[in-house]
Amino acid sequence: MAQSLCFSTGSNLWTKGEHRWFRSSGFKTKPVHLKVSSGYRATAQAANVTGPHCDIPRQWYNLIADLPVKPPPPLHPKTHEPVKPEDLSPLFPDELIKQEASTDRFIDIPEEVLDIYQLWRPTPLIRAKRLEKLLKTPARIYYKYEGVSPAGSHKPNTAVPQVWYNAQAGVQNLVTETGAGQWGSSLAFACSLFGLNCEVWQVRASFDQKPYRKLMMQTWGAKVHPSPSTITEAGRRILQMDPESPGSLGIAISEAVEVAAMNPDTKYCLGSVLNHVLLHQTVIGEECIKQMEAIGETPDVIIGCTGGGSNFAGLSFPFIREKLKGKINPLIRAVEPAACPSLTKGVYTYDYGDTAGLTPLMKMHTLGHDFVPDPIHAGGLRYHGMAPLISHVYDLGFMEALAIPQTECFQGAIQFARSEGLIPAPEPTHAIAAAIREAIHCRETGESKVILMAMCGHGHFDLASYEKYLQGSMVDLSFEEEKIQAALANIPQLAI
């Protein structure tokens, strides 16, 4: 069977060192539970926890504070000097700019954000016992499941605070990009709560593949455009070069940034990559540490998929903090698509975060800002670069990375769905495939490792991708070396 784990304290707020936690009091009569496939219910009491309430962190964690070497700063795209706060003000409100540059270890979560987090947080940590049995492995596999949010993924963890800070600053209009649509739907959801207008540029390949994500965004009141579009100069330029362009996250970012920069009543939101986005996602790992402590488990291997990196960072960064303290020593593994392997095949250098070169230059593992990945089904991972902070952590040697082709990922997803019952989004199938590899290795060696993976969202709007796999028409799309070399040739050469 699988177990759903939560934990609690006897009061609304408790403090441990610098770290504060929030007690959700929304449910007062019954323990939080998850019906599991074997017919049992794994309740809080079954997990040897003191009561029915679960805790939500009251602070986000900033890994930068604990790194032995601070990450390189972002640079102005024209002067190549370190970016100043005023350089970012056309795009972001002041509080998010402060968070982007902060070196504080913990940052308080606003009460209004905590109140909304209670709609789905804390999220369950589930032991995949039926998958273990299927694989005949002595390993113990756990997954932190973020698909219980209203938008069905981890993305609302940052969408809600980003919209709240913009609302506090008096902003009325927000623009963004989205790949698979998980981020766009999350921002639309958050904007609907705070009464802001939302406009989304969705990567063309995903716009066509996943129509129900578009409808989800529209249900929450957002305007949705396929990217590249004829609305922006950046989009028109791409379409002139390639009228059949499938788009990319880099192109969609260019379009949204262009609109925000040209309209003083409009700000831009990003769903991954930037420091403040990764910061907001650390509620995942902070909860998970306490959940694992509650059952006496320590992960030996931590696995997450990576595109821009927010889901991976959200789970892993709090564990990296504990690793740096010498308390634990897990292997931390990022998994990316074989068709878009920025960590494993890219170069670590300064590059633009978008295709048109409108964003600051960031030092990251990149395939080149001109690189347009093949239209794999994990649309949320089709980004040319990796989050600068994850790139820095990778460069310091605190984690490792591998790339897996999509057919192996969907094979793992089918095994997972048929044993655990949940249908994963295409993005976390990469983590599932890597976890299965590790579990099979444990079967061969006899090791009983604890494997923890990030299950960042459900695949209910991705069934067309499953149809292709089940019909045998899905193929592996690997990157073309010539295409990457051409994109890398256009990376700006800096005299630093």
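A residue is counted as buried when its relative accessible area is under 20%. In the predicted model described here, this criterion applies to every residue of strand 20, which spans residues 450-455 and has 6 of its 6 residues buried. V450, L452 and A454 point one way from the strand, whereas I451, M453 and M455 point the other way, and all are buried.

Strand 20 has parallel pairings with strand 10 and with strand 15. Strand 10, residues 140-145, is joined to strand 20 by 6 bridges, and within this pairing R140 has V450 as its bridge partner. The pairing between strand 15, residues 301-305, and strand 20 comprises 3 bridges; here I303 stands opposite M453.

At the level of the whole protein chain, the model contains 19 helices and 20 strands. Of the 496 residues, 61% count as buried. Among contacts with a sequence separation of 6 or more, 77% are accounted for by residues 24 or more positions apart.

A further element of the architecture is an open sheet of 4 strands in the order 13-12-11-14, with parallel pairing. Strand 13 (223-227) and strand 14 (266-268) each have a single partner strand and therefore stand at the edges, with one side of each left without a neighbour in the sheet. On average, and with direction ignored, neighbouring strands of this sheet are turned by 25 degrees against each other. Strand 11 (residues 173-178) and strand 12 (residues 197-203) run parallel and are joined by 6 bridges, with V175 of the pairing standing opposite E199 in strand 12. Helix 8, residues 211-219, packs on the sheet and touches strand 11, strand 12 and strand 13. The direction of helix 8 makes about 170 degrees with that of strand 12.

Helix 6 (residues 182-194) includes S186. This serine has a relative accessible area of 0% and is therefore buried. When residues up to four places away in sequence are not counted, S186 touches A151, S153, K155, P156 and A159. The C-alpha atoms of S186 and V160 are 8.1 Å apart, although the two residues are separated by 26 residues in sequence.

Empty space within the model was examined next. In general terms, rolling a probe the size of a water molecule over the atoms shows where such space is left. The largest pocket has a volume of about 670 Å³. Its lining consists of 36 residues, and P74, L88, E100, A101 and N275 lie nearest the centre of the pocket. By class, this lining has 25 nonpolar, 6 polar and 5 charged residues. At least two lining residues are supplied by each of helix 1 (85-88), helix 2 (94-101), helix 10 (249-262), helix 11 (275-281), strand 18 (361-366) and helix 15 (388-395). Helix 2 gives the most to the lining of the largest pocket, with 5 residues.

The lining of the second largest cavity has 7 nonpolar, 6 polar and 1 charged residues.

Leaving aside neighbours within four places in sequence, N62 is in contact with S102, T103, D104, R105 and L279.

How values were computed
Residues are numbered from 1 along each chain as its sequence is written. This is a predicted model: local features need pLDDT of at least 70, side-chain atom pairs count only at pLDDT 80 or more; totals for chains, interfaces and linings use all residues. Side-chain values use heavy atoms; hydrogens and water are left out. On a 1 Å grid over the protein atoms alone, a cavity is a set of points where a 1.4 Å probe fits but cannot get out, and a pocket is an open set with protein on both sides within 12 Å along at least five of seven lines; lining residues have an atom within 4 Å of a point. Grid points are joined across faces, edges and corners, and a volume is the space filled by probe spheres set on the points. Ala, Val, Leu, Ile, Met, Phe, Trp, Tyr, Cys and Pro count as nonpolar, Asp, Glu, Lys and Arg as charged, and the others, Gly among them, as polar. Two strands pair if DSSP finds at least two bridges between them. Axes are lines fitted to C-alpha atoms, for helices over the stretch in contact, and angles run from 0 to 180 degrees between N-to-C directions. Contact means heavy atoms within 4.5 Å. Buried means under 20% relative accessible area, exposed over 50%, partly exposed in between (1.4 Å probe, protein chains only).
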